[in-house]
Amino acid sequence: MTFTREIKIAPSILSADFADFGREITAIESQGADWVHVDVMDGHFVPNLTFGPPAVKAFRPHVKTVMDVHLMIAPVDPYINAYADAGADILTAHLEAGPHIHRTLQAIRAAGMKAGLALNPGTPAEAAAHLMDMVDLICVMTVNPGFGGQSFIDMTGKVRQLRGMIGDRPVHIQIDGGVTPTTAPLVAAAGADVLVAGSAVFKGGSVSDPAPYGANIAAIRAAANAALA
Ligand code: DX5
Ligand code: ZN
């Protein structure tokens with residue numbers, strides 16, 4: 001994984017067919033996905049439940065790009081090794097998930113993964129100030145986590161602030177929630193480089209008709225890049 005600030009589209013398989021993850025992953029990658037975003041929910045930190053380490057491990061051989069695992073679980077630490085074993089390239093934990101986020105980020109890197117830090121909409125950028133050298137990615141939530149298909153909450157001020165705090169460190173800024181060709185330019189202009197999109201990528205397509213996935217990915221990418229031109 002070489003670091004670049006070019007726009008990357010990371011479809012969330014939360015919007016895929018849950019009975020067909022392997023072929024859905026192949027379909028989005030063949031249609032231009034840069035990363036595959038895997039939303040893990042525990043029914044406790046967030047009011048929804050998805051899948052755990054054995055499922056993520058089963059996804060791994062299908063992912064040829066980057067497996068980006070977003071944990072919406074609490075606690076995180078007891079499960080870090082299981083996600084390393086499942087083959088996560090990036091493991092993202094929420095700042096709000098427990099009292100020892102610094103330790104969690106250290107443990108993620110010690111387990112051989114890139115460390116991501118997610119911030120809920122109500123959490124200020126300043127909360128990440130002392131974690132800048134501990135992270136490879138900051139995920140700015142633009143919805144309250146738990147469900148796909150929610151509307152975008154404008155966090156462009158926070159993105160700009162984080163972009164300044166990151167400086168020249170090789171830290172990605174990821175946006176998660178409500179990303180569409182309409183909202184992508186706002187966050188790209190503010191400094192985000194990884195755009196997660198679930199419903200806006202999967203709408204209109206399927207494993208047997210994946211071309212809409214490609215058109216949707218291309219539309220989000222083009223809108224984001226237009227804001228940078
Ligand atoms: C929200 C998840 C997201 C989300 C994105 O809790 O972390 O990845 O499903 O979905 P859309 O793009 O539909 O908002
Ligand atoms: Zn996510």
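Rings of Phe, Tyr and Trp (for Trp, its six-membered ring) pair if their centres lie within 6.5 Å; planes under 30 degrees apart count as stacked, over 60 as edge-to-face and the rest as tilted. The model is a predicted one, so to speak of local features takes a pLDDT of at least 70 and side-chain atom pairs count only at pLDDT 80 or more, while totals for chains, interfaces and linings use all residues. Residues are numbered from 1 along each chain as its sequence is written, chains are lettered from A and ligands numbered from 1 in the order in which they are written, and side-chain values use heavy atoms, with hydrogens and water left out.

By the ring rule, six aromatic pairs turn up. In one of them, phenylalanine 18 and phenylalanine 21 have ring centres 4.7 Å apart and planes at 55°, so this pair is tilted. Phenylalanine 21 also pairs with phenylalanine 51: here the centres sit 5.5 Å apart and the planes stand at 85°, so the arrangement is edge-to-face. Helices (H or I, at least four residues) and strands (E, at least two) are DSSP runs, numbered from the N terminus. Ring pairs join Phe18, Phe21, Phe51 and Phe59 into a cluster.

As for accessibility, buried means under 20% relative accessible area, exposed over 50%, and partly exposed in between (1.4 Å probe, protein chains only). Phenylalanine 18 is partly exposed at 41%, whereas phenylalanine 21, at 11%, is buried. Phenylalanine 51 is buried too.

Turning to the metal, the zinc ion (ligand 2) is held by His37 (NE2), Asp39 (OD), His70 (ND1) and Asp176 (OD), at 2.0 to 2.3 Å. Donors are N, O and S atoms within 2.8 Å of the metal (3.2 Å for Na, K and Ca); water is not among the atoms, so sites may look incomplete. The six donor atoms make angles of 67 to 168°, and the site is octahedral (six donors, with opposite ones over 155 degrees apart and all others between 65 and 115). Along the sequence, the donor residues follow the spacing H-x1-D-x30-H-x105-D. Aspartate 39 in strand E2 (residues 36–41) and aspartate 176 in strand E7 (residues 172–176) are 137 residues apart, a pair that links distant parts of the chain. Aspartate 39 is buried at 4% relative accessibility, and aspartate 176 is buried at 8%.

One backbone detail remains. Most peptide bonds are trans, but alanine 74 and proline 75 are joined by a cis one, with omega about 0°. Proline 75 lies in the loop between strand E3 (67–72) and helix H3 (80–85).

Technical notes
Tetrahedral: all angles 85-135°; square planar, octahedral: opposite > 155°, others 65-115°.
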